Amino acid sequence: MERALACARSGGADAVQAEIGLRVGYSVSVRSGEVETLEHERDRGLGITVYFGQRKGAASTTDLRPEAIDQTVKAACDLANHTEADPAAGLPDPGTLAWTIPELDLYHPWALTPEEAIERALAMEAAALDADPRVKSSEGAGIQTGLGISVLANSQGFRGVRCGSSHGLGLSVVTQASGQMQRDGWYESARLASRLPDAEAVGRHAAERALARLGARALSSRSVPVLFAPEVARSLIRHFVGAVSGGSLYRQMSFLQDKLGQQIMSPDLHVHEQPHLPQAMASAAFDGEGVATSPRDLVRDGLLAGYVLDSYSARRLGLRSTGNAGGVHNLAVAPTCGGGEAEMLRLLDTGLWVTELMGQGVNLVTGDYSRGAAGFWVERGQIIHAVEEVTIAGNLADLYRRIVAVGDDVDARGSIHCGSILVESMTVAGDGSGA
(Lines give C-alpha, C1' and ligand atoms only; values in the text may rest on other atoms or scores of the structure.)
Protein backbone atom coordinates (compact mmCIF):
# COMPACT_ATOMS: atom_id res chain seq x y z
CA MET A 1 0.00 0.00 0.00
CA GLU A 2 2.73 2.44 0.95
CA ARG A 3 4.54 1.65 -2.30
CA ALA A 4 1.40 2.42 -4.33
CA LEU A 5 0.88 5.76 -2.58
CA ALA A 6 4.53 6.78 -2.91
CA CYS A 7 4.63 5.79 -6.57
CA ALA A 8 1.54 7.89 -7.32
CA ARG A 9 2.96 10.94 -5.56
CA SER A 10 6.26 10.61 -7.38
CA GLY A 11 4.27 10.41 -10.63
CA GLY A 12 2.86 13.85 -9.96
CA ALA A 13 -0.52 13.02 -8.40
CA ASP A 14 -1.83 15.67 -6.02
CA ALA A 15 -4.00 13.19 -4.11
CA VAL A 16 -4.23 9.39 -3.98
CA GLN A 17 -6.51 6.73 -2.54
CA ALA A 18 -5.76 3.01 -2.68
CA GLU A 19 -7.22 -0.20 -1.32
CA ILE A 20 -5.71 -3.66 -1.14
CA GLY A 21 -7.94 -6.63 -0.35
CA LEU A 22 -7.56 -10.36 0.19
CA ARG A 23 -10.34 -12.92 0.54
CA VAL A 24 -9.97 -16.65 1.17
CA GLY A 25 -12.55 -19.36 1.64
CA TYR A 26 -14.40 -22.19 -0.03
CA SER A 27 -17.87 -23.35 -0.95
CA VAL A 28 -19.41 -26.77 -1.48
CA SER A 29 -22.62 -27.75 -3.22
CA VAL A 30 -24.39 -31.09 -3.37
CA ARG A 31 -27.33 -32.35 -5.39
CA SER A 32 -29.23 -35.61 -5.29
CA GLY A 33 -26.87 -37.01 -2.68
CA GLU A 34 -23.74 -36.31 -4.71
CA VAL A 35 -21.07 -33.64 -4.44
CA GLU A 36 -21.59 -31.20 -7.31
CA THR A 37 -18.84 -28.64 -6.69
CA LEU A 38 -16.04 -27.88 -4.25
CA GLU A 39 -14.52 -24.48 -4.96
CA HIS A 40 -11.65 -22.85 -3.10
CA GLU A 41 -11.35 -19.08 -3.28
CA ARG A 42 -8.27 -16.91 -2.93
CA ASP A 43 -8.81 -13.48 -4.42
CA ARG A 44 -6.62 -10.45 -3.97
CA GLY A 45 -6.30 -7.11 -5.65
CA LEU A 46 -5.26 -3.48 -5.57
CA GLY A 47 -7.41 -0.56 -6.68
CA ILE A 48 -5.94 2.92 -6.90
CA THR A 49 -7.45 6.32 -7.68
CA VAL A 50 -5.31 9.37 -8.38
CA TYR A 51 -6.19 13.05 -8.74
CA PHE A 52 -4.25 15.65 -10.69
CA GLY A 53 -6.09 18.69 -9.45
CA GLN A 54 -9.65 17.63 -10.13
CA ARG A 55 -8.83 15.27 -12.96
CA LYS A 56 -9.32 11.65 -11.91
CA GLY A 57 -7.84 8.35 -13.03
CA ALA A 58 -8.35 4.84 -11.64
CA ALA A 59 -6.86 1.41 -12.27
CA SER A 60 -6.74 -2.00 -10.60
CA THR A 61 -4.72 -5.21 -10.61
CA THR A 62 -4.68 -8.66 -9.04
CA ASP A 63 -0.89 -8.83 -9.34
CA LEU A 64 0.74 -7.44 -6.20
CA ARG A 65 4.37 -7.75 -7.26
CA PRO A 66 6.21 -4.41 -6.89
CA GLU A 67 6.63 -3.91 -10.63
CA ALA A 68 2.92 -4.67 -11.23
CA ILE A 69 1.91 -2.12 -8.60
CA ASP A 70 4.10 0.50 -10.30
CA GLN A 71 2.53 -0.27 -13.69
CA THR A 72 -0.99 0.00 -12.25
CA VAL A 73 -0.24 3.36 -10.68
CA LYS A 74 1.21 4.61 -13.98
CA ALA A 75 -1.95 3.47 -15.80
CA ALA A 76 -4.12 5.44 -13.36
CA CYS A 77 -1.94 8.53 -13.80
CA ASP A 78 -2.07 8.27 -17.59
CA LEU A 79 -5.88 8.08 -17.47
CA ALA A 80 -6.09 11.15 -15.23
CA ASN A 81 -4.02 13.12 -17.73
CA HIS A 82 -6.63 12.43 -20.42
CA THR A 83 -9.79 13.29 -18.45
CA GLU A 84 -11.64 16.56 -17.96
CA ALA A 85 -11.56 18.30 -14.60
CA ASP A 86 -14.64 17.73 -12.44
CA PRO A 87 -15.26 20.34 -9.71
CA ALA A 88 -16.77 17.69 -7.42
CA ALA A 89 -13.90 15.20 -7.76
CA GLY A 90 -11.37 14.62 -5.01
CA LEU A 91 -10.64 12.89 -1.74
CA PRO A 92 -13.03 13.24 1.20
CA ASP A 93 -12.79 16.20 3.54
CA PRO A 94 -10.11 15.15 6.10
CA GLY A 95 -12.48 16.14 8.90
CA THR A 96 -14.92 13.41 7.86
CA LEU A 97 -12.40 10.53 7.94
CA ALA A 98 -12.46 7.77 10.57
CA TRP A 99 -9.35 8.71 12.54
CA THR A 100 -10.67 6.61 15.46
CA ILE A 101 -11.90 3.12 14.55
CA PRO A 102 -14.16 1.18 16.97
CA GLU A 103 -13.88 -2.60 17.39
CA LEU A 104 -16.91 -4.24 15.76
CA ASP A 105 -16.02 -7.92 16.30
CA LEU A 106 -16.53 -8.98 12.68
CA TYR A 107 -13.78 -11.57 12.23
CA HIS A 108 -14.71 -15.13 13.26
CA PRO A 109 -13.13 -18.01 11.30
CA TRP A 110 -15.09 -21.26 11.03
CA ALA A 111 -13.03 -24.36 11.80
CA LEU A 112 -14.94 -26.46 9.29
CA THR A 113 -13.12 -28.76 6.89
CA PRO A 114 -14.42 -29.25 3.34
CA GLU A 115 -15.25 -32.85 4.27
CA GLU A 116 -17.37 -31.66 7.21
CA ALA A 117 -19.05 -29.05 4.99
CA ILE A 118 -19.98 -31.73 2.46
CA GLU A 119 -21.41 -33.89 5.23
CA ARG A 120 -23.57 -31.02 6.50
CA ALA A 121 -24.75 -30.08 3.03
CA LEU A 122 -25.79 -33.68 2.38
CA ALA A 123 -27.63 -33.75 5.73
CA MET A 124 -29.42 -30.50 4.84
CA GLU A 125 -30.59 -31.89 1.51
CA ALA A 126 -31.61 -35.22 3.05
CA ALA A 127 -33.67 -33.45 5.74
CA ALA A 128 -35.58 -31.56 3.06
CA LEU A 129 -36.20 -34.63 0.89
CA ASP A 130 -37.31 -36.70 3.89
CA ALA A 131 -39.72 -34.04 5.17
CA ASP A 132 -42.63 -35.13 2.98
CA PRO A 133 -43.20 -37.50 0.02
CA ARG A 134 -44.29 -34.49 -2.05
CA VAL A 135 -40.75 -33.09 -1.92
CA LYS A 136 -39.57 -34.66 -5.16
CA SER A 137 -36.12 -33.27 -5.82
CA SER A 138 -33.40 -30.90 -4.77
CA GLU A 139 -32.00 -28.06 -6.86
CA GLY A 140 -28.88 -28.12 -4.74
CA ALA A 141 -27.71 -27.50 -1.18
CA GLY A 142 -24.62 -25.52 -0.34
CA ILE A 143 -22.35 -24.23 2.41
CA GLN A 144 -19.80 -21.43 2.10
CA THR A 145 -17.28 -19.85 4.41
CA GLY A 146 -14.95 -16.95 3.80
CA LEU A 147 -12.53 -14.51 5.46
CA GLY A 148 -11.49 -11.13 4.15
CA ILE A 149 -9.06 -8.37 5.03
CA SER A 150 -8.58 -5.02 3.33
CA VAL A 151 -6.50 -1.91 3.86
CA LEU A 152 -7.76 1.49 2.70
CA ALA A 153 -5.32 4.39 2.65
CA ASN A 154 -4.97 7.86 1.16
CA SER A 155 -2.45 10.65 0.84
CA GLN A 156 -4.12 12.57 3.68
CA GLY A 157 -2.58 10.10 6.13
CA PHE A 158 -5.63 7.89 6.61
CA ARG A 159 -4.98 4.16 7.12
CA GLY A 160 -7.90 1.85 7.84
CA VAL A 161 -7.95 -1.93 8.17
CA ARG A 162 -11.09 -4.03 7.84
CA CYS A 163 -11.33 -7.73 8.69
CA GLY A 164 -14.47 -9.82 8.41
CA SER A 165 -15.90 -13.30 8.10
CA SER A 166 -19.04 -14.53 6.36
CA HIS A 167 -20.59 -17.98 6.53
CA GLY A 168 -23.78 -19.34 5.05
CA LEU A 169 -25.85 -22.33 4.03
CA GLY A 170 -28.99 -22.87 2.01
CA LEU A 171 -30.87 -24.96 -0.52
CA SER A 172 -33.79 -25.03 -2.92
CA VAL A 173 -36.25 -27.91 -3.46
CA VAL A 174 -39.08 -28.86 -5.82
CA THR A 175 -42.43 -30.20 -4.65
CA GLN A 176 -45.15 -31.87 -6.68
CA ALA A 177 -48.80 -32.80 -6.09
CA SER A 178 -51.96 -33.04 -8.21
CA GLY A 179 -50.03 -32.27 -11.37
CA GLN A 180 -48.56 -29.05 -9.99
CA MET A 181 -44.91 -28.38 -9.26
CA GLN A 182 -43.61 -25.65 -6.96
CA ARG A 183 -40.14 -24.48 -6.02
CA ASP A 184 -38.83 -22.65 -2.95
CA GLY A 185 -35.89 -22.64 -0.59
CA TRP A 186 -34.13 -20.90 2.25
CA TYR A 187 -30.70 -19.69 3.28
CA GLU A 188 -28.99 -18.37 6.40
CA SER A 189 -25.87 -16.23 6.80
CA ALA A 190 -23.86 -14.89 9.73
CA ARG A 191 -20.47 -13.59 10.82
CA LEU A 192 -20.27 -16.36 13.45
CA ALA A 193 -20.88 -19.95 12.45
CA SER A 194 -22.37 -20.57 15.91
CA ARG A 195 -25.25 -18.26 14.94
CA LEU A 196 -26.24 -20.45 12.00
CA PRO A 197 -29.06 -22.94 12.58
CA ASP A 198 -28.48 -26.67 12.15
CA ALA A 199 -28.24 -27.73 8.53
CA GLU A 200 -31.16 -30.15 9.01
CA ALA A 201 -33.36 -27.32 10.33
CA VAL A 202 -32.63 -25.23 7.24
CA GLY A 203 -33.48 -28.22 5.06
CA ARG A 204 -36.81 -28.78 6.79
CA HIS A 205 -37.68 -25.09 6.61
CA ALA A 206 -36.97 -24.99 2.87
CA ALA A 207 -39.22 -28.02 2.39
CA GLU A 208 -42.02 -26.40 4.43
CA ARG A 209 -41.88 -23.29 2.28
CA ALA A 210 -42.04 -25.26 -0.96
CA LEU A 211 -44.86 -27.49 0.32
CA ALA A 212 -46.92 -24.49 1.39
CA ARG A 213 -46.96 -23.23 -2.20
CA LEU A 214 -48.70 -26.33 -3.58
CA GLY A 215 -52.22 -25.61 -4.76
CA ALA A 216 -51.34 -22.03 -5.71
CA ARG A 217 -53.71 -20.19 -8.03
CA ALA A 218 -54.25 -16.69 -9.34
CA LEU A 219 -56.67 -14.10 -7.99
CA SER A 220 -59.14 -11.86 -9.73
CA SER A 221 -58.11 -8.21 -9.82
CA ARG A 222 -58.87 -6.21 -6.69
CA SER A 223 -57.59 -3.59 -4.25
CA VAL A 224 -56.72 -5.14 -0.89
CA PRO A 225 -54.32 -4.81 2.05
CA VAL A 226 -50.92 -6.34 1.28
CA LEU A 227 -48.51 -7.81 3.83
CA PHE A 228 -44.88 -8.12 2.73
CA ALA A 229 -42.93 -10.91 4.45
CA PRO A 230 -39.58 -9.76 5.90
CA GLU A 231 -37.48 -11.32 3.13
CA VAL A 232 -39.30 -9.18 0.53
CA ALA A 233 -40.24 -6.20 2.71
CA ARG A 234 -36.63 -5.06 2.73
CA SER A 235 -36.88 -4.47 -1.04
CA LEU A 236 -39.37 -1.67 -0.31
CA ILE A 237 -36.74 -0.03 1.89
CA ARG A 238 -34.08 -0.65 -0.75
CA HIS A 239 -36.16 1.38 -3.22
CA PHE A 240 -36.35 4.15 -0.62
CA VAL A 241 -32.56 4.07 -0.25
CA GLY A 242 -32.18 4.34 -4.02
CA ALA A 243 -34.47 7.35 -4.10
CA VAL A 244 -32.54 9.23 -1.37
CA SER A 245 -29.08 8.31 -2.70
CA GLY A 246 -26.86 11.06 -3.99
CA GLY A 247 -26.67 9.79 -7.55
CA SER A 248 -30.45 9.93 -7.97
CA LEU A 249 -30.70 13.31 -6.24
CA TYR A 250 -28.05 15.31 -8.06
CA ARG A 251 -29.29 13.92 -11.37
CA GLN A 252 -32.82 14.94 -10.31
CA MET A 253 -34.11 11.43 -10.98
CA SER A 254 -35.90 10.71 -7.71
CA PHE A 255 -39.54 10.93 -6.68
CA LEU A 256 -38.22 12.08 -3.27
CA GLN A 257 -36.38 15.07 -4.74
CA ASP A 258 -36.35 18.07 -2.35
CA LYS A 259 -38.36 16.19 0.30
CA LEU A 260 -35.91 16.61 3.18
CA GLY A 261 -37.85 17.44 6.34
CA GLN A 262 -41.17 16.54 4.73
CA GLN A 263 -43.62 13.74 5.54
CA ILE A 264 -42.86 10.80 3.23
CA MET A 265 -43.99 7.83 5.34
CA SER A 266 -46.55 6.98 7.96
CA PRO A 267 -45.94 9.05 11.15
CA ASP A 268 -45.24 5.80 13.04
CA LEU A 269 -42.26 4.94 10.83
CA HIS A 270 -38.68 5.27 12.04
CA VAL A 271 -35.75 4.22 9.82
CA HIS A 272 -32.26 4.47 11.29
CA GLU A 273 -28.76 3.40 10.35
CA GLN A 274 -26.73 1.41 12.91
CA PRO A 275 -23.24 0.95 11.42
CA HIS A 276 -21.52 -0.08 14.66
CA LEU A 277 -23.57 -3.13 15.65
CA PRO A 278 -21.12 -5.82 16.84
CA GLN A 279 -20.99 -8.90 14.59
CA ALA A 280 -23.66 -7.63 12.17
CA MET A 281 -23.30 -8.43 8.48
CA ALA A 282 -23.19 -4.80 7.28
CA SER A 283 -21.33 -3.14 10.15
CA ALA A 284 -18.47 -0.81 9.23
CA ALA A 285 -16.38 1.79 11.02
CA PHE A 286 -15.79 3.66 7.74
CA ASP A 287 -17.14 3.62 4.22
CA GLY A 288 -15.41 2.95 0.92
CA GLU A 289 -13.66 6.31 1.06
CA GLY A 290 -12.57 6.14 4.71
CA VAL A 291 -15.33 8.48 5.89
CA ALA A 292 -16.44 7.66 9.43
CA THR A 293 -19.84 6.03 9.80
CA SER A 294 -22.20 6.98 12.63
CA PRO A 295 -25.70 6.09 13.83
CA ARG A 296 -28.32 8.38 12.32
CA ASP A 297 -31.95 8.64 11.30
CA LEU A 298 -33.06 8.58 7.70
CA VAL A 299 -36.75 8.75 8.59
CA ARG A 300 -38.01 10.11 11.91
CA ASP A 301 -41.74 10.04 12.70
CA GLY A 302 -42.36 9.64 8.99
CA LEU A 303 -40.28 12.71 8.07
CA LEU A 304 -37.31 12.41 5.72
CA ALA A 305 -34.36 13.17 8.00
CA GLY A 306 -31.32 12.34 5.86
CA TYR A 307 -29.86 11.35 2.52
CA VAL A 308 -27.38 8.60 1.51
CA LEU A 309 -24.28 10.36 0.19
CA ASP A 310 -20.66 9.75 -0.70
CA SER A 311 -18.19 12.62 -1.03
CA TYR A 312 -18.77 13.19 -4.75
CA SER A 313 -22.57 13.33 -4.60
CA ALA A 314 -22.41 15.43 -1.44
CA ARG A 315 -20.32 18.05 -3.25
CA ARG A 316 -22.71 18.02 -6.20
CA LEU A 317 -25.54 18.77 -3.77
CA GLY A 318 -23.63 21.25 -1.62
CA LEU A 319 -23.83 18.91 1.36
CA ARG A 320 -21.55 16.75 3.49
CA SER A 321 -20.81 13.03 3.01
CA THR A 322 -22.96 10.77 5.18
CA GLY A 323 -20.39 7.93 5.14
CA ASN A 324 -22.27 5.83 2.60
CA ALA A 325 -19.78 5.29 -0.20
CA GLY A 326 -20.60 1.66 -0.98
CA GLY A 327 -24.08 1.60 0.54
CA VAL A 328 -25.93 1.66 3.84
CA HIS A 329 -24.83 -0.07 7.04
CA ASN A 330 -27.47 -2.01 9.00
CA LEU A 331 -30.38 0.21 8.00
CA ALA A 332 -33.17 -0.78 10.39
CA VAL A 333 -36.91 -0.18 10.24
CA ALA A 334 -38.15 0.03 13.82
CA PRO A 335 -41.06 -2.38 14.55
CA THR A 336 -44.38 -0.78 15.42
CA CYS A 337 -45.91 -3.92 16.92
CA GLY A 338 -44.87 -7.23 18.47
CA GLY A 339 -46.22 -10.73 18.11
CA GLY A 340 -44.29 -11.80 15.04
CA GLU A 341 -45.80 -13.33 11.93
CA ALA A 342 -49.03 -14.42 13.62
CA GLU A 343 -49.81 -10.89 14.79
CA MET A 344 -49.06 -9.40 11.37
CA LEU A 345 -51.43 -11.90 9.73
CA ARG A 346 -54.08 -10.94 12.29
CA LEU A 347 -53.61 -7.26 11.43
CA LEU A 348 -53.79 -8.09 7.72
CA ASP A 349 -57.14 -9.78 8.40
CA THR A 350 -58.19 -10.29 4.77
CA GLY A 351 -55.73 -9.64 1.98
CA LEU A 352 -52.58 -10.81 0.20
CA TRP A 353 -49.47 -12.00 2.04
CA VAL A 354 -46.52 -11.61 -0.36
CA THR A 355 -43.56 -13.95 0.13
CA GLU A 356 -41.89 -13.62 -3.29
CA LEU A 357 -41.43 -10.76 -5.75
CA MET A 358 -40.43 -11.00 -9.40
CA GLY A 359 -39.44 -8.53 -12.08
CA GLN A 360 -37.98 -5.04 -11.86
CA GLY A 361 -40.98 -2.78 -12.49
CA VAL A 362 -39.90 0.10 -10.25
CA ASN A 363 -39.39 3.65 -11.55
CA LEU A 364 -37.52 5.78 -9.00
CA VAL A 365 -38.15 8.94 -11.04
CA THR A 366 -41.95 8.71 -10.78
CA GLY A 367 -42.28 6.23 -7.91
CA ASP A 368 -44.42 3.91 -10.03
CA TYR A 369 -44.28 0.34 -8.69
CA SER A 370 -45.41 -2.85 -10.42
CA ARG A 371 -43.98 -6.29 -9.71
CA GLY A 372 -44.97 -9.91 -10.11
CA ALA A 373 -45.79 -11.57 -6.80
CA ALA A 374 -46.53 -14.88 -5.14
CA GLY A 375 -47.68 -15.70 -1.64
CA PHE A 376 -50.93 -16.52 0.14
CA TRP A 377 -54.51 -15.32 0.28
CA VAL A 378 -55.52 -14.68 3.88
CA GLU A 379 -58.99 -14.29 5.41
CA ARG A 380 -59.62 -13.30 9.03
CA GLY A 381 -55.94 -13.83 9.73
CA GLN A 382 -55.88 -17.42 8.42
CA ILE A 383 -54.15 -18.68 5.27
CA ILE A 384 -56.74 -19.89 2.74
CA HIS A 385 -54.59 -20.89 -0.24
CA ALA A 386 -51.31 -20.14 -1.99
CA VAL A 387 -51.28 -17.46 -4.70
CA GLU A 388 -49.22 -17.15 -7.89
CA GLU A 389 -49.21 -15.24 -11.16
CA VAL A 390 -50.42 -11.91 -9.81
CA THR A 391 -49.05 -8.39 -10.09
CA ILE A 392 -49.09 -5.84 -7.31
CA ALA A 393 -49.01 -2.18 -8.24
CA GLY A 394 -49.08 1.32 -6.82
CA ASN A 395 -46.85 4.33 -6.35
CA LEU A 396 -44.07 4.27 -3.77
CA ALA A 397 -44.84 7.79 -2.55
CA ASP A 398 -48.37 6.66 -1.72
CA LEU A 399 -47.32 3.18 -0.59
CA TYR A 400 -44.92 4.51 2.08
CA ARG A 401 -47.65 6.70 3.55
CA ARG A 402 -50.02 3.72 3.63
CA ILE A 403 -47.75 1.54 5.79
CA VAL A 404 -49.87 0.73 8.84
CA ALA A 405 -47.59 -1.69 10.71
CA VAL A 406 -44.04 -3.07 10.80
CA GLY A 407 -43.48 -6.42 12.55
CA ASP A 408 -40.77 -7.50 14.96
CA ASP A 409 -40.02 -10.60 12.81
CA VAL A 410 -36.85 -8.90 11.56
CA ASP A 411 -34.74 -10.35 8.75
CA ALA A 412 -31.18 -9.16 9.51
CA ARG A 413 -29.26 -11.20 6.91
CA GLY A 414 -28.17 -8.19 4.86
CA SER A 415 -27.59 -4.45 5.01
CA ILE A 416 -31.29 -3.73 5.57
CA HIS A 417 -32.93 -5.04 8.76
CA CYS A 418 -36.69 -5.16 8.39
CA GLY A 419 -39.69 -7.09 9.66
CA SER A 420 -42.99 -7.66 7.85
CA ILE A 421 -44.54 -4.52 6.37
CA LEU A 422 -48.32 -4.13 6.12
CA VAL A 423 -49.63 -1.70 3.49
CA GLU A 424 -53.20 -0.48 3.86
CA SER A 425 -54.16 -1.06 0.21
CA MET A 426 -52.61 -1.92 -3.15
CA THR A 427 -53.90 -2.96 -6.55
CA VAL A 428 -53.61 -6.71 -7.17
CA ALA A 429 -54.00 -7.70 -10.81
CA GLY A 430 -54.79 -11.33 -11.62
CA ASP A 431 -56.13 -13.30 -14.56
CA GLY A 432 -59.75 -12.44 -13.92
CA SER A 433 -60.54 -15.67 -12.09
CA GLY A 434 -59.87 -17.04 -8.63
CA ALA A 435 -61.27 -16.41 -5.18
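Two strands count as paired if DSSP finds at least two bridges between them. Helices (H or I, at least four residues) and strands (E, at least two) are DSSP runs, numbered from the N terminus. The model is predicted: local features need pLDDT of at least 70, and side-chain atom pairs count only at pLDDT 80 or more, while totals for chains, interfaces and linings use all residues. Residues are numbered from 1 along each chain as its sequence is written, and side-chain values use heavy atoms, with hydrogens and water left out.

**View 1. The hairpin of β4 and β5.**
Strands β4 and β5 form a hairpin with 4 residues between them. In the turn, G157 has a positive phi of about 100°. The two strands run antiparallel and are joined by 16 bridges. V151 stands opposite V161 in β5.

**View 2**
Six strands, in the order β3-β2-β1-β4-β5-β6, form an open sheet with antiparallel pairing. Its edge strands are β3 (55-61) and β6 (180-190), each of which pairs on one side only. Direction ignored, neighbouring strands of this sheet are turned by 20° against each other on average. Axes are lines fitted to C-alpha atoms, for helices over the stretch in contact, and angles run from 0 to 180 degrees between N-to-C directions. Strand β1 (residues 15-31) runs antiparallel to β4 and is joined to it by 14 bridges; the bridge partner of A18 in β4 is A153. Strand β5 (residues 159-177) pairs with β6 in the antiparallel sense over 11 bridges, and G168 has S189 in β6 as its bridge partner.

**View 3. Helix α2 on the sheet.**
Helix α2 (residues 66-80) lies across β2 (34-52) and β3. The helix runs at about 150° to β3. Contact, here and below, means heavy atoms within 4.5 Å.

**View 4. The crossing of α3 and α4.**
The axes of helix α3 (residues 114-129) and helix α4 (residues 199-212) come within 7 Å and cross at roughly 35°. On the α3 side, the contact is made by R120, A123, M124, A127 and A128. A199, E200, V202, G203, R204 and A207 contribute from α4. These contact residues divide into 7 nonpolar, 1 polar and 3 charged. Ala, Val, Leu, Ile, Met, Phe, Trp, Tyr, Cys and Pro count as nonpolar, Asp, Glu, Lys and Arg as charged, and the others, Gly among them, as polar.

**View 5. The mixed sheet.**
An open sheet of 5 strands has the order β10-β9-β8-β11-β16, and its pairing is mixed. Strands β10 (303-304) and β16 (416-417) stand at the edges with a single partner strand each, so one side of each is left without a neighbour in the sheet. Strand β11 (residues 331-333) pairs with β16 in the parallel sense over 2 bridges. A332 stands opposite H417 in β16.

**View 6. Helix α8 and its packing.**
In helix α8 (residues 340-348), the buried residues are G340, E343, M344, L345 and L348. They pack against β7 (222-228), β12 (351-358), β13 (368-379), β15 (403-406) and β17 (421-429). Just after α8, D349 takes a positive phi of about 65°.

**View 7. The surroundings of D368.**
D368 lies in strand β13. With a relative accessible area of 43%, D368 is partly exposed. Apart from neighbours within four places in sequence, D368 is in contact with G361, V362, N363, G394 and N395. The C-alpha atoms of D368 and A201 are separated by 39 Å, and these residues are 167 residues apart along the chain.

**View 8. The whole chain, for orientation.**
The chain has 9 helices and 17 strands. Its radius of gyration is 24 Å, close to the 22 Å that the globule rule gives for 435 residues, so the chain is as compact as a globular protein of that length. The radius is taken over C-alpha atoms, and the rule is 2.2 Å times the number of residues to the power 0.38. Along its principal axes the C-alpha trace spans about 70 × 55 × 35 Å. Buried residues make up 52% of the 435 residues.

Methods. Buried means under 20% relative accessible area, exposed over 50%, partly exposed in between (1.4 Å probe, protein chains only).
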